[in-house]
Amino acid sequence: MFAVVRTGGKQYRVAAGDKIVVEKLAGEAGDKVTLDDVLFAGEGNNVKDAKQLTVAAEIIAQAKGEKVIVFKKRRRHNYRRKNGHRQNHTILKIVSIGA
């Protein structure tokens with residue numbers, strides 16, 4: 001069985017046992033999380049009512065993404081700004097999909 005869930009403004013197709021990387025969620029490693037915003041669920045050709053379903057997940061780790069360099073420059077004005085950014089992520093393991 002699979003489901004499409006929305007968290008952090010993005011949509012993910014998940015099944016039981018999958019590991020996904022999402023935007024930072026509150027909690028520590030080992031905590032249980034329920035994802036209530038299920039958009040679609042099904043198994044093979046069968047489609048289930050997604051309004052009644054929730055997805056149970058476990059937080060594996062809180063991590064940071066790769067560094068993104070932001071470099072701004074204006075020609076002929078000696079203007080240069082360099083900045084770096086690392087986005088916070090949460091790594092989830094999907095435990096079950098169901099009511």
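Reader: Is T7 buried or exposed in this structure?
Author: The model is a predicted one. T7 lies in strand 1. Its relative accessible area is 10%, and the cut-off for a buried residue is under 20%. T7 therefore counts as buried.

Reader: Which residues does T7 touch, not counting residues up to four places away in sequence?
Author: T7 belongs to strand 1. With residues up to four places away in sequence left out, the residues that T7 touches are Y12, V22 and L25.

Reader: Which residues have the most contacts inside the largest nonpolar core?
Author: The largest nonpolar core has 19 residues. Strands that give two or more residues to this core include strand 1 (2-7), strand 2 (10-15), strand 7 (54-64) and strand 10 (88-98). Inside the core, the residues with the most contacts are V14, V55 and L92.

Reader: Which residues is V14 in contact with, leaving aside its neighbours within four places in sequence?
Author: V14 is one of the residues with the most contacts inside the largest nonpolar core. Once the neighbours within four places in sequence are set aside, V14 is in contact with M1, F2, A3, V5, I20, V55, I94 and I97.

Reader: How many aromatic pairs does the structure hold, and which residues form a pair?
Author: The structure holds one aromatic pair.

Reader: Which residues make the nonpolar surface patch of about 250 Å²?
Author: F40, in strand 5, is one of them. F40 is partly exposed, with a relative accessible area of 35%. The residues that make the patch are L39, F40 and V47.

Reader: Where is K67, and is K67 buried or exposed?
Author: K67 sits in the loop between strand 7 and strand 8 (68-74). Its relative accessibility is 56%, and the cut-off for exposed is over 50%. K67 is therefore exposed.

Reader: What separates the C-alpha atoms of K67 and G84?
Author: K67 touches H85 and R86, not counting residues up to four places away in sequence. K67 and G84 are 17 residues apart along the chain. Their C-alpha atoms are separated by 6.4 Å.

How values were computed:
Residues are numbered from 1 along each chain as its sequence is written. This is a predicted model: local features need pLDDT of at least 70, side-chain atom pairs count only at pLDDT 80 or more; totals for chains, interfaces and linings use all residues. Side-chain values use heavy atoms; hydrogens and water are left out. A nonpolar core is a set of buried Ala, Val, Leu, Ile, Met, Phe, Trp, Tyr and Cys residues joined through side-chain atoms within 4.5 Å. Buried means under 20% relative accessible area, exposed over 50%, partly exposed in between (1.4 Å probe, protein chains only). Helices (H or I, at least four residues) and strands (E, at least two) are DSSP runs, numbered from the N terminus. Contact means heavy atoms within 4.5 Å. Patches are made of residues with over 30% relative accessible area and no salt bridge: like charges are joined within 9 Å, nonpolar side chains (Val, Leu, Ile, Met, Phe, Trp, Tyr) within 5 Å. Accessible areas come from the Shrake-Rupley method with a 1.4 Å probe; for residues, only the protein chains shown count as cover. A salt bridge is a side-chain nitrogen of Lys or Arg within 4 Å of a carboxyl oxygen of Asp or Glu. Rings of Phe, Tyr and Trp (its six-membered ring) pair if their centres lie within 6.5 Å; planes under 30 degrees apart count as stacked, over 60 as edge-to-face and the rest as tilted.
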